[in-house]
Amino acid sequence: QVQLVESGGGLVQAGGSLRLSCAASGSIRSIDNMGWYRQAPGKQRELVAVITSGGYTNYRDSLKGRFTISRDDAKNTMYLQMNSLKPEDTAVYYCNADVVTLSTMKIMYWGQGTQVTVSS
């Protein structure tokens, strides 16, 4: 069993910053791709950023320059540094990860989400 737990969300004023964390735990052999997604009320879930096991990153075009994704494989943890936040960044942020389990199965897991609210 593997769990992903997000943390770091909250209420922030426009222009502020937040750092989200996604910690993976359980029967983990290794983690391949990891990603952040978000879902605003009434909208579909959308990709924010992804990072491969080799450290390659890719971002939603509109977020480049403000958001930075990173990972610490020693801690099985991924981060999302969000700067210059805007009200339109308000959403529930989810992490996911392609986990290779101890039984060598590759399974995608999702976290439960963390709320980010940006006030104007």
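Predicted model: local features only at pLDDT ≥ 70, side-chain atom pairs only at ≥ 80, totals over all residues.
1. **The open sheet.** Start with the four-stranded sheet. Its 4 strands follow the order β1-β3-β8-β7, and the pairing is antiparallel. Strands β1 (2-7) and β7 (67-72) stand at the edges. Each has a single partner strand, so one side of each is left without a neighbour in the sheet. From one strand to the next, the twist averages 15°. As background, strands of a sheet pair through backbone hydrogen bonds, either parallel or antiparallel.

2. **From β1 to β3.** Now look at the pairs within that sheet. β1 and β3 run antiparallel and are joined by 6 bridges. One place to check is Val5, which stands opposite Ala23 in β3.

3. Leu20 has Leu80 as its bridge partner in β8.

4. **Strand β9.** Is β9 largely enclosed or left open? Count its buried residues. Of its 11 residues, 10 are buried, so β9 is largely enclosed by the rest of the structure. Buried here means under 20% relative accessible area.

5. **Partners of β9.** Which strands pair with β9? Strand β4 (residues 28-39) pairs with β9 in the antiparallel sense, over 9 bridges. Arg38 stands opposite Tyr93 in β9. Strand β11 (residues 114-119) also pairs with β9 in the antiparallel sense, over 3 bridges. There, Ala91 has Val116 in β11 as its bridge partner. Strand β10 (residues 106-110) runs antiparallel to β9, and 5 bridges join them. Asp98 stands opposite Met108 in β10.

6. **The hairpin turn.** β9 and β10 form a hairpin with 4 residues between the strands. Thr104 in this hairpin takes a positive phi near 65°. Check that backbone angle when you trace the turn.

7. **Asp89.** Where does Asp89 lie? It is in the loop between β8 (77-82) and β9 (91-101). Is Asp89 buried or exposed? Its relative accessibility is 1%. The cut-off for buried is under 20%, so Asp89 counts as buried.

8. **Around Asp89.** A polar atom of the Asp89 side chain lies 2.8 Å from the backbone nitrogen of Lys86. Leaving out residues up to four places away in sequence, Asp89 touches Arg38, Leu63, Arg66, Phe67, Ser84, Val116 and Val118. Two of these names have come up already. Arg38 stands opposite Tyr93 in β9, and Val116 is the bridge partner of Ala91.

9. **Charges and rings.** What sits over the ring of Tyr79? The charged end of Arg19 does, 4.0 Å from the ring centre. Likewise, the charged end of Arg45 sits over the ring of Trp110, 4.8 Å from its centre. Separately, the structure holds 1 aromatic pair. In general, a pair of aromatic rings is described by the distance of the centres and the angle of the planes.

Key: Residues numbered from 1 in each chain as written. Heavy atoms only, no water. Helix = DSSP H or I, 4+ residues; strand = E, 2+ residues; numbered from the N terminus. Buried < 20%, exposed > 50% of the residue type's maximum accessible area, 1.4 Å probe, protein only. Polar contact = N/O pair within 3.5 Å; in protein donor to acceptor, adjacent residues only side chain to side chain. Contact = heavy atoms within 4.5 Å. Pairing = 2+ DSSP bridges. Axes fitted to C-alpha atoms, helices over the stretch in contact; angles between N-to-C directions. Phe/Tyr/Trp six-rings, centres within 6.5 Å; stacked < 30°, edge-to-face > 60°. Lys NZ or Arg CZ within 6 Å of the ring centre and 35° of its normal.
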